[in-house]
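Hi,

Here is the structure I promised to pass on. Have a look at it first, and then read my notes below.

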Amino acid sequence: MAAAALREQLNALLSSMFASGLVDDQFQQLQMLQEDGGTPGFVAEVVTLFCDDADRIISELAALLEQPIVDFDKVDAYVHQLKGSSASVGAQKVKFTCMQFRQLCQDKNRDGCIMALAVVRNEFYDLRNKFQTMLQLEQQIQAQQ
Amino acid sequence: MAGAAAERKVIRVLLVEDEEIHRVLARALLRSAVGGVELDEAGTGAEAVRRVRDGGAGAYDLIITDGKMPVMDGHEATRQIRAMGVTTPIVGLSSDTLPPDVDTFIKAGADDFTPKPLSKEKLVRILAKFNLA
């Protein structure tokens, strides 16, 4: 596919990610840092770090919430970490769900936490898929140049 | 000290942060916002204290520190750095942003606090405040 068509596809994807609230201004900051700093792989590096962190944290949370007695302090610490990294990459929906999740931890609401984890997981998977598509399109555009 | 840094046009920053994603972002922002930066990184508060102790009082022009970290958190590191008599500006950086969280940093001896995520605007404000721009 020609570079122009790929670029159009990429722009449409990014527009929809912003319009749906999946990502916020912080993600735009990352893009600007990449362009202004002349560091082509910067967004990919940050996105990859976020996805690896989130994957690991979600697995840890699932394991903690399966325990007969839930350690809500540990759960809260992991959610805090996920909230921080989602904020840094501009993952707005994941960040907002983490904020609600932390409240449920503080209330020691196990069922609520399990539901919040399911929402976070779904939102993260949706975002990760879009990030993967974005990076693939960027690589294809780069290959054409 | 801050005036000397501005004249030198290279600022020496100690970034204290245990998570790689936040370090990568801060590195990029610092290099973008500051003409010349020498950046040291510490993954725990204990390592930060050691770097400051080994480097001496004038080792850094600015210290930016996370709150929650393993081994030693940013509040305790701030307390220990101040106890050494080091007056380098220290800025707390955390996603815990309720007044008690900010207060903990200030009472430990930090000069300022900024909520995560770090951004160009926040960094420019910090650099201007401490005359490092």
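**What I found**

R102(A) has a relative accessible area of 11%, so this residue is buried (buried means under 20% relative accessible area, exposed over 50% and partly exposed in between, with a 1.4 Å probe and protein chains only). Before going further, please keep in mind that this is a predicted model, in which local features need pLDDT of at least 70 and side-chain atom pairs count only at pLDDT 80 or more, while totals for chains, interfaces and linings use all residues. Residues are numbered from 1 along each chain as its sequence is written, chains are lettered from A and ligands numbered from 1 in the order in which they are written, and side-chain values use heavy atoms, with hydrogens and water left out.

Back to R102(A), which sits in helix 5 (residues 92-106) of chain A. Helices here are DSSP runs of H or I with at least four residues, strands are runs of E with at least two, and both are numbered from the N terminus. Leaving aside residues up to four places away in sequence, R102(A) touches D76(A), V79(A), H80(A) and K83(A) in its own chain, plus K68(B) and D96(B); contact means heavy atoms within 4.5 Å. From R102(A) to Q140(A) there are 38 residues in sequence and 39 Å in space, C-alpha to C-alpha.

**Chain A as a whole**

Chain A has six helices and zero strands, and its C-alpha trace spans about 55 × 25 × 25 Å along the principal axes. Of its 145 residues, 47% are buried. Among contacts in chain A between residues at least 6 apart in sequence, 66% join residues at least 24 apart.

How high is the mean pLDDT of chain A? The value is 95, and 100% of the residues reach 70 or more; pLDDT is the predictor's confidence in each residue, from 0 to 100.

**Two helix pairs**

In chain A, helix 3 and helix 4 pack at an angle of about 160°, with their axes 10 Å apart. Axes are lines fitted to C-alpha atoms, for helices over the stretch in contact, and angles run from 0 to 180 degrees between N-to-C directions. Helix 3 and helix 4 of chain A are therefore roughly antiparallel to each other (angles under 35 degrees count as roughly parallel, over 145 as roughly antiparallel, 65 to 115 as roughly perpendicular and the rest as oblique). The residues that meet include F50(A), I57(A) and L61(A) from helix 3 of chain A, and Y78(A), V79(A) and L82(A) from helix 4 of chain A.

In chain B, helix 2 (residues 20-33) and helix 6 (residues 120-129) pack at about 60°, with their axes 10 Å apart. That angle makes helix 2 of chain B oblique to helix 6 of chain B. Here L29(B), L30(B), S32(B) and A33(B) of helix 2 meet K120(B), L123(B) and L127(B) of helix 6.

Best wishes
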